Amino acid sequence: MRYAILHKSNAESLAVRKALVEKIEGTYDEVSPEVVFSIGGDGTVLNVISKYSHILDQVLIVSIHTGTIGFYTEFLPSDLDGILDLLKTDYQTNNFSLLQYKTNGHIGYAMNEVFVSGKHKMLEAKVFIDDIEIMNTRGNGICISTPTGSTAYNYALGGAIVDHDIKAVQLTLSAPFETIKHRMAYPIVLSERHEFIIKPKNVDTELSADRFHLSLSNVKEIRVKISDKSAKFLKNSNNVFAVRIKDTFIGE
């Protein structure tokens, strides 16, 4: 097995990395790994997605939680021996689709969300579902997220939490300024068959895709949809989605 490790720099993550290297049977290969261990939180997972986006279809991600928020992290450090045993079996995986965005000749991908905003001013834009205009919006920005990203920035904006097994895309507005001429509806969840099209009126526009940022000028449109590209994670059968929702957002 060829493997690579990406990790946070805190003491717990470094200790897990050390234990993993001592126990694992395989060859360390940071260029073309078969398995990538992500030791940290969701941010570390996003770093893995970014680094290996060109070979995601060939990589199995094993996520170990030593961070703050861990919706992508399936396992705990105490599971390390079980993880290594599981990798020797006919294991199960979770396959999470990424967003694809197109604008100004640029094509990119995001695991969590694409966020569009104005540069140093309010964003004004028309929003379309496929080729049908549904609303004009004025506000801080527009967030388009995956189901796995629905518990990230989308959730902070008041968007819905979506089951990770659903293949869908969600649009949520950030601090919209509603008037009689600018009536808005959000959040909106679409199936994989549809796409959102944003046509900014601003000359200068900012686009964030997870941790990647673009400064754009004179953008005619930004198209966002669920892509054919996906990330494959080793599945922890004991990790129940409803329990994670309760433990993270509700508690006792």
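Biologist: Which strand do 5 bridges join to β7?

Modeller: That partner is β14, residues 204-209, and the two strands run antiparallel. Keep in mind that this is a predicted model.

Biologist: How many bridges join β7 to β10?

Modeller: There are 4, and these strands also run antiparallel. β10 covers residues 141-145. Here V114 stands opposite I144.

Biologist: How do I read the two faces of a strand?

Modeller: In a regular strand, side chains alternate between the two faces of the sheet. Take β12, residues 188-191. I188 and L190 form its covered face, while V189 and S191 form the uncovered one.

Biologist: Are the faces of β7 covered or uncovered?

Modeller: Both are covered. E113, F115 and S117 are buried on one side, and V114, V116 and G118 on the other. That is 6 of 6 residues buried in this strand, residues 113-118.

Biologist: What pairs with β12?

Modeller: β11, residues 168-174, does, antiparallel over 4 bridges. V169 stands opposite L190.

Biologist: How should I read a nonpolar core?

Modeller: In soluble globular proteins, nonpolar side chains tend to be buried together. The largest core here has 28 residues. V114, I144 and F196 are among those with the most contacts inside it. Strand β8, residues 123-129, gives the most to this core, with 4 residues.

Biologist: Which residues does F196 touch?

Modeller: Leaving out residues up to four places away in sequence, its contacts include V127, F128, I129, I144, V169, L171, I188 and L190. Apart from this core lies another, of 18 residues, including V36, V48, F96 and F233.

Methods: Residues are numbered from 1 along each chain as its sequence is written. This is a predicted model: local features need pLDDT of at least 70, side-chain atom pairs count only at pLDDT 80 or more; totals for chains, interfaces and linings use all residues. Side-chain values use heavy atoms; hydrogens and water are left out. A nonpolar core is a set of buried Ala, Val, Leu, Ile, Met, Phe, Trp, Tyr and Cys residues joined through side-chain atoms within 4.5 Å. Buried means under 20% relative accessible area, exposed over 50%, partly exposed in between (1.4 Å probe, protein chains only). Contact means heavy atoms within 4.5 Å. Two strands pair if DSSP finds at least two bridges between them.
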